[in-house]
Amino acid sequence: MNLTDDDVRDILRLLDSLPFTELRLETDSFRLALRRGADGEWTQAGEVLSAPNELETGASAHPDAGGHADAGANTDKGGGGSPAAARDGLLEVRAPLLGTFYRAPRPGAEPFVEVGDLVEEHTVVGIIETMKLMNSVPAGVRGKVVEILVANAEFAERDAVLMLVAPE
Amino acid sequence: MMVRRLLIANRGEIAVRIMRTCRRLGVETVLAVSAADRDSPPARLADRTVVIGPADPARSYLDVDAVVGAARATGADAIHPGYGFLAENPRLAAACAAAGVVFVGPTETQLAAAGDKLAARGHAVAAGLPVLPGGEVRDVRAARRLADEIGWPVLVKAVGGGGGRGMKKVGGPAELADTIELAMAEAGAAFADPRVYLERFVPAGRHVEVQIAGDGERVVQLGERDCSIQRRYQKLVEEAPAPCLGDAVRAGLHAAAVAFGRRLRYRGLGTVEFLVDGDAFYFLELNARIQVEHPVTEAVYGVDLVAEQLAIAEGRPLRPELTAATPAGHAIECRINAEDWTHGFRPSPGTVTAAVFPAGDGVRVDTHLQPGARVPPHYDSLLAKLIVHGADRAAALERLRGALTRCRIDGVSTNLPMYAELTRHPEFAAGGVDTAWFPGFLGFLGFLGDRQGDEGGGRG
């Protein structure tokens, strides 16, 4: 990956005149494997080996910049197990995919639902943003919202319990 | 002034792409990364890396203060924003000026004019470019009135949007209220600007855009790109030149793009997007940044657009490398995304275990992948761009078919198999399809898939 496409092409021109079908290059900073298939065409697989040359600056003063705070903060949000299932027959609204959970259609707007609201299967209870795509989250169950477990703009794992609903 | 140390405020393939040019030019690179990207291949490739915030892009890649602070702290004399994130944010341009750091991009005023899609429409009209009937709507009632006036169906677009986001088709009055709500939701969340506007929907248009470059005085064009293969307004395949386009339309597009750039006294790289409907065309928007699909133009014109962008940022007039460039051959790009195209294009974050790409004449791959690279859920799904160049479109397409068979990405789901199907399709091979064609093609494949499932057999 330290080599440009032009570099790779020059190497291939050299190799094309030789009987080799494979070249492996490895230095301290990178690894490159070039292979010629049965059809005579080449593939490349590159890898940067050098460690990031990370600078400490005042700019990285975010309190959670250094750690994996996002993942850590999430573990108690019902991401893995299903302790909520044990709670007196309450129904769960789970995240269909991992991403950032939004309770309202836009900043400053009223949340889709609040505790005490009645929801149907198709009621939209939030939005999950994953890889820039907004995915609406349908309740999937009928009943009254009794608890909202993930706050607005919090990260939610796939299948994390977002809300608890009491069947009506 | 000369740019000696460049801070790259981006990630993924474009970070690697910018570093390539820097390495060639002897410019030192500092990569500003989020905590999620601190061990990424781009972070390893950069001369220096600085962590500017947590994985959440709002507190890292979208944080103007963090980005400019990192540039100052590392002694960078310029910031390249790539595309997306802060690339077209006038606040970054202003903050750079205040900090005495060169912003690699247009002026703050030009960014504001391009970013407000209604303002851009106004400039287009003033420069004599045709636009679609439409305008701003503040509520559902006003939208209803305007839509009745310009005719259904209509497109709802975010004033602060662009790049296809916050854009929705409304077939009739019944869907209008819900769609306006959702469009405002997406716009508010993504751009902190919930304003939307309407434009008449053109069912069978082609998306053709013109690459321009300006130095504040002179504006030149480097031909057009056809980006009509899209899904939900996200481009998947781009090619240059646009196939099956009349000479008059082509020349008209080029002239219109230059006229628009002149109107703004444009400085930097830009892309003027148009909707082509038969022999007519309409201005859509100006993208005031380097575009994802810039490599097809580079392949055809033999230029390095990032190098020219840096030269313009240094305050130099457009160089002969750019002004004297002439087109040769045909280039096609496929965007390889981490999404499971067999399950509604569901995003597929994860860890890459293998990444093998084609190499050789007329083949270019822009990527940030290598074994062990993580594809975090916080950012977009672009994994790699495969670009092929040939003497003509048929040669480029043949090369593309072969190159696709030599791509292998393990660990995440990708849309690679979709391109194998697409490039075999006779209508795609014929060229010049409109934006309605690709969704139909996907529907057709879905039908085939179901049938195969029913019959329990494959097609071999």
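Let me start with chain B: among its contacts between residues at least 6 apart in sequence, 64% join residues at least 24 apart. Two residues are in contact here if their C-beta atoms, placed from the backbone, lie within 7 Å.

A word on the source. This is a predicted model, in which local features need pLDDT of at least 70 and side-chain atom pairs count only at pLDDT 80 or more, while totals for chains, interfaces and linings use all residues. Residues are numbered from 1 along each chain as its sequence is written, and chains are lettered from A and ligands numbered from 1 in the order in which they are written.

Staying with chain B, it has 16 helices and 23 strands. Helices (H or I, at least four residues) and strands (E, at least two) are DSSP runs, numbered from the N terminus. Of the 460 residues of chain B, 56% count as buried, that is, 20 or more other C-beta atoms lie within 10 Å of the residue's own, with C-beta atoms placed from the backbone.

Now its dimensions. Along the principal axes, the C-alpha atoms of chain B fill a box of roughly 60 × 55 × 45 Å. The radius of gyration of chain B is 21 Å, which agrees with a compact globule, because one of 460 residues would have a value near 23 Å. That radius is taken over C-alpha atoms, and the globule rule is 2.2 Å times the number of residues to the power 0.38.

Next, the two chains together. How many residues of chain A are in contact with chain B? There are 46, and they meet 50 residues of chain B. Several elements of chain A each supply at least two residues of that side, among them α1 (5-16) and β9 (133-138). The largest share, seven residues, comes from β3(A).

The chains also share strand pairing, where two strands pair if DSSP finds at least two bridges between them. β4(A) runs parallel to β3 (residues 48-53) of chain B, over two bridges. Within that region, E54(A) has T49(B) in β3(B) as its bridge partner.

There is also an open sheet of five strands with antiparallel pairing, in the order β1(A)-β2(A)-β3(A)-β19(B)-β23(B). Which strands are at the edges? They are β1 (22-26) of chain A and β23 (408-410) of chain B, each pairing on one side only. At the chain A end, β1(A) and β2 (residues 30-36) of chain A run antiparallel and are joined by five bridges. R24(A) stands opposite A33(A) in β2(A).

Terms used
A residue is buried if 20 or more other C-beta atoms lie within 10 Å of its own, exposed if 12 or fewer, and partly exposed in between; C-beta atoms are placed from the backbone.
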